[in-house]
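Hi everyone, thanks for coming along. Could you bring up the sequence and the model on the screen, please?

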Amino acid sequence: MTTVRQVRFVSPGRPTPEGAGVELHRAFGFGQEELFDPFLMLDDFRSDHPSQYEAGFPWHPQRGIETITYMLEGEVDHGDSMGNSGTIGPGDVQWMTAGGGVIHQEMPRGDARGRMGGFQLWANLPARQKMIEPRYRGITAAEIPIEEAPGVRIRVICGSVGTSTGPVSDVVIEPEYLDVMLQAGITWTHPTRPGHTVFAYLFEGAARLGESNDPVVAGHGMVVLLGDGDQLSVAAGESGARFLLVSGRPLHEPIAWRGPIVMNTRGQLDTAWRELEAGTFVRHKAK
C-alpha cells in the first residue's frame, strides 16, 4: 500500500547576510539541523543587483560537511586549497566534500543584465567520514540529464527519475537532488525511500503538497519538509511551479557546529579552530 508523504513543516526563507556581505535568503539553517537531518542549511542567493552579491565569499575554512552549489544564472569563480579553480556557470553544479578540512572561496558574477543566482546546500558527513580526504566534483550543465513527461521537466542532479540517473554518486547519505518544473495544473507523483528526509524548496510559482483534507499550498521562497512515506504528490498552481526536491538518509548523530565547521563533539570543534589558528588545519596536499 502506497503512503503519500504529508507536510510536516513549512516556512518562508529569511533574509540573511553571509560571506563578505552577500544578501541571501536562508530556507533553513542553524537550529533546524535535527529537523532536516542529514541536511544542515539551504541558501538561496539570487539577486538582480550586483551590490547585493559582488563582495562574495572570500577565503574561508570548511570541515566535516559537503557543500553543493547549483547555479541558475550568472557565474561563480572559485578556488580552493586542493588546487582546484574555475567557474560555475548556469546549470552547473559544484559538489565539494570538505572532509578533514579545506579552505576555499566563491566569488559571484552577474550576467550581462547583472542577474546572478543559485543555491547552496550543506549536507552533513557521518562521524566516520568527518576527516576523510577532501574532494571536488565539478558537473557541467550538459552532464545533467533531463527527464520529461507531459507538463513535467526534471533536471536530475543526483538520484533517479524514470530512465535518467544523475551524475553524482558514491555519497553516503544516498541523496536525491532534483530541479522540478511543472506546468500549470499538473500533478506529479514521485517515489521516495521510507525513512529518508524529504523537502521541497519552491522558487517559482506555487504548488500544493500532500493529499490530506487540508493540503499545504507553498509559494515562492518557501521550504516544505515532508513526513515519512514512500511517495510524494505535488500539484502545480495556476502559474506552474518550479522547486528543488532533495532527500537523504538521516544520520541520527550528535552535532557540534560553529560557522563553517561541523563536527560531532565540542572537543572536535575546538580542535578544528585551534588548528586553523595554528596554520595546521589543511592536511591535504595541493595539486
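This is a predicted model: local features need pLDDT of at least 70, side-chain atom pairs count only at pLDDT 80 or more; totals for chains, interfaces and linings use all residues.

Residues are numbered from 1 along each chain as its sequence is written, and side-chain values use heavy atoms, with hydrogens and water left out.

Back to the strands, which are DSSP runs of E, at least two residues, numbered from the N terminus. Strand S7 (residues 75–80) and strand S10 (residues 102–109) run antiparallel, joined by 6 bridges; two strands pair if DSSP finds at least two bridges between them. They belong to an open sheet of 4 strands, ordered S5-S10-S7-S8, with antiparallel pairing. At the edges sit S5 (57–62) and S8 (85–88), each pairing on one side only.

Now over to Arg-5, in the segment before strand S1 (7–12). Is Arg-5 buried or exposed? Arg-5 counts as buried because its relative accessibility is 0%, and buried means under 20% relative accessible area with a 1.4 Å probe, protein chains only.

What does the side chain of Arg-5 reach at 3.1 Å? That is the backbone oxygen of His-196. The Arg-5 side chain also reaches the backbone oxygen of Gly-229, at 3.2 Å. Finally, Val-198 is 193 residues away along the chain, yet its C-alpha atom and that of Arg-5 are separated by 8.9 Å.

Technical notes:
Buried means under 20% relative accessible area, exposed over 50%, partly exposed in between (1.4 Å probe, protein chains only). A polar contact is a pair of N or O atoms within 3.5 Å; within protein, one must be able to donate a hydrogen and the other to accept it, and residues adjacent in sequence count only if both atoms are side-chain atoms.
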